[in-house]
Amino acid sequence: MNIGMLGSGEVAKALSRGFLKYNHSVMLGTRHPEKLGEWSSMNPDAKIGSFADAAAFGELIILAVKGSAASAVLHSAGAANLKGKTVMDATNPIADVPPVNGVLKFTTNLEQSLMEALQKEFPEARFVKAFNCVGHACMVDPKFKDGKPTMFICGNDAPAKRSVGKVAEQFGWEVADMGGAESARAIEPLSMLWCIPGFQRNDWNHAFKLLKQPAPMPNFPNSGEAAQRGGPTAFQWIKLW
Ligand SMILES: NC(=O)c1ccc[n+]([C@@H]2O[C@H](COP(=O)([O-])OP(=O)(O)OC[C@H]3O[C@@H](n4cnc5c(N)ncnc54)[C@H](OP(=O)(O)O)[C@@H]3O)[C@@H](O)[C@H]2O)c1
């Protein structure tokens, strides 16, 4: 598949390497192609262009830019180049201020998310949140002793979520579909949680895993009903080898 990668930072580079490894064609979009010279020489199969070039090239678009620049980058990419396409959104609305005791500040509140705003602004693109709450080093083929980590995704378009789910599975994740675009209000702040051990003690080697209970749990309110919906769940950190 042709991948239009909007971005040139660590996330864009890590995901591009993953797509190339799994035999997709990739074009990275940036305002500054010159800064990708060394990376390009190590990844000669990747094409480099403007944001508009990458968006036009991509059958699947990946949004991997600074949160505060996401809207401007999508405008540069061009609404016509995004029309009808799935946009896998790895961005976070991180404010330009330092974290407080390891806790990042966001530009959004809990009634909002960056992805919902982008979806409203570009209604003909099909946004799916994914890959926003794990570090770039663990995005492709993560190796954890407790098994596959969970990729939380959400978005309004079911086929678009299936496409992104296939990417996440190909990259070694299990996928948890958390529903419509509003669920980005919960998935985006998971990046704050993910970063706390990093900022507090330089520990960046972890990912989230959603654990599912197959049978009703005793003394768990409404557990029978929850089990019918797929079982009660618990949440776990998993650590790299
Ligand atoms: N770093 C991680 O491990 C990680 C993990 C999960 C999610 N994320 C999220 O993924 C996104 C990308 O993160 P990153 O660390 O790879 O890179 P980043 O430093 O957050 O962003 C770099 C990209 O943003 C673009 N950009 C910045 N300011 C811009 C502006 N004023 N106008 C247009 N474009 C602008 C740059 O464009 P040019 O190419 O033109 O310079 C570049 O492509 C962020 O939203 C971040 O929160 C990061």
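1. Helices α1 and α4 each contribute at least two residues to the shell around the ligand; helices are DSSP runs of H or I with at least four residues, strands are runs of E with at least two, and both are numbered from the N terminus. The largest share of this shell, three residues, is supplied by α1.

2. The model is predicted: local features need pLDDT of at least 70 and side-chain atom pairs count only at pLDDT 80 or more, whereas totals for chains, interfaces and linings use all residues. Residue numbers start from 1 along each chain as its sequence is written.

3. The ligand is surrounded by 23 residues, the closest being Ser 8, Gly 9, Thr 30, Arg 31 and Ala 69; a residue is near a molecule if its C-beta atom, placed from the backbone, lies within 6 Å of it. By class, the shell comprises nine nonpolar, 11 polar and three charged residues (Ala, Val, Leu, Ile, Met, Phe, Trp, Tyr, Cys and Pro count as nonpolar, Asp, Glu, Lys and Arg as charged, and the others, Gly among them, as polar).

4. The open sheet consists of six strands in the order β3-β2-β1-β4-β5-β6, with parallel pairing; two strands pair if DSSP finds at least two bridges between them. Strands β3 (47-49) and β6 (126-129) are at the edges with a single partner strand each, so one side of each has no neighbour in the sheet. From one strand to the next, the twist averages 25°.

5. Strands β1 (residues 2-6) and β2 (residues 25-29) run parallel and are joined by five bridges. Within this pair, Leu 6 is opposite Gly 29 in β2.

6. Helix α1 (residues 10-21) lies across β1, β2 and β4 (60-63), at about 165° to β2; axes are lines fitted to C-alpha atoms, for helices over the stretch in contact, and angles run from 0 to 180 degrees between N-to-C directions. Helix α6 (residues 114-121) packs on the sheet, touching β5 (86-89) and β6, and its direction makes about 175° with that of β6.

7. Helices α4 (residues 70-77) and α6 pack at about 30°, with their axes 11 Å apart. That angle makes α4 roughly parallel to α6 (angles under 35 degrees count as roughly parallel).

Notes:
Contact = placed C-beta atoms within 7 Å. Parallel < 35°, antiparallel > 145°, perpendicular 65-115°, else oblique.
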